[in-house]
Amino acid sequence: MAVLFHSPDEDAHAWRRALEARLPGIELRISPEIGDPAGIEAALVWRPPPGMLRTLPNLRLIQSLGAGVDGLLADPSLPEVPLCRLVDGSMTRSMSEFVLALVLKYHRRLDLFARAQRAGTWAFELPALPAATRVGIMGLGELGTHAAGVLAAQGFTVRGWSRGAKELPGCTTFAGADGLTPFLTGSDILVCLLPLTAATRGVLDARLFAGLPEGARLINVGRGAHLVERDLLAALESGRLAHASLDCFAEEPLPPGHPFWSHPGIDITPHVAAFADPDSAVDAVADNLRRLRDGRPLLHLVDRARGY
Ligand code: NAP
Ligand code: GLV
């Protein structure tokens, strides 16, 4: 089976080695050296240029190399073949690790101490117990559910919000539009782990911030377009939000001169919260390629109408 690989920031040869070890005979064609497009049956991709997949007439599977598929779905010429997203233990664990690190930063007031240091102030303050810090997770899918478990195990009070109702051990859950206000009221730290869809674009806006406790902290590890940037700046200015940690941006890399770069209330990371290690993620990808070959149901199919 010939398979296209396109993910410019990843080690394509590590993927080739890992896939060949699991699927002897697989022919991985690394873009831009794709050979005869008619021979390609599956595409393993992260952020392919719009139009790229349309040129493959015999494509039968688009396997995203990321959890989020908003970038793929934004391509109006995306072929109408099954689209699967990546669900992988290494990615899930790295997201939970990242979210825990940021929650601990806020729980232990490291943002306030960093600000006090810049002002030359000895801002002595002892932390409360973790249970006194309420963390609200927007999105209880593969990543949000795992992060909720890790935070609960650390002793935090964890709340979660999803589209449909869910029950999670150690987590108070809320769902849908009616659940949003009560969810926000009790979230001292808000974590966005939603997929970017028509329904969630711009969800982190002034109205939502107004529903949080005064001085709440925001962690956005979903997508940049979840956030209304000017509303964040206004919320930080007014004190409604005390601080924000942003990993994703509407434009990446974040352009030079953007007001977020120098804002004392914003910490920036360059979209690194979670990544798939080929030696781990290859199992999920190889599984779907085998399923395609054998005509068995594919895993983690995206519902294009829902957008995730
Ligand atoms: P997932 O398994 O598809 O879960 C999505 C969750 O969001 C589900 O709980 C879903 O509710 C909920 N949701 C969707 N639309 C909603 C709405 N309108 N209102 C309320 N809840 C809604 O996705 P995942 O694997 O956890 O990944 C989530 C996102 O994380 C990705 O799409 C991507 O944007 C982001 N991500 C970022 C990085 C990074 O490095 N920063 C890395 C990986 C992923 P239901 O359970 O009711 O369906
Ligand atoms: C990364 O942002 C992903 O969606 O996997």
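This is a predicted model: local features need pLDDT of at least 70, side-chain atom pairs count only at pLDDT 80 or more; totals for chains, interfaces and linings use all residues.
Residues are numbered from 1 along each chain as its sequence is written, chains are lettered from A and ligands numbered from 1 in the order in which they are written, and side-chain values use heavy atoms, with hydrogens and water left out.

Around ligand 1 there are 29 residues, a residue being near when one of its heavy atoms lies within 4 Å, and those that come nearest are Arg85, Leu140, Gly164, Asp247 and Tyr308. For Asp247, a polar side-chain atom lies 2.9 Å from a nitrogen atom of the ligand, and a polar backbone atom of Glu142 is 2.9 Å from one of the ligand's oxygen atoms.

Turning to salt bridges, meaning a side-chain nitrogen of Lys or Arg within 4 Å of a carboxyl oxygen of Asp or Glu, a search of the whole structure finds 15. One of them joins the side chains of Asp287 and Arg291, at 3.3 Å from N to O, and these two residues, 4 apart in helix H9 (residues 278-294), are separated by about one helical turn. Asp287 is partly exposed at 22% relative accessibility, whereas Arg291, at 17%, is buried, where buried means under 20% relative accessible area, exposed over 50%, and partly exposed in between, with a 1.4 Å probe and protein chains only.

Lastly, Arg293, Asp294 and Arg296 are linked in a network of salt bridges.

Definitions and conventions
A polar contact is a pair of N or O atoms within 3.5 Å; within protein, one must be able to donate a hydrogen and the other to accept it, and residues adjacent in sequence count only if both atoms are side-chain atoms.
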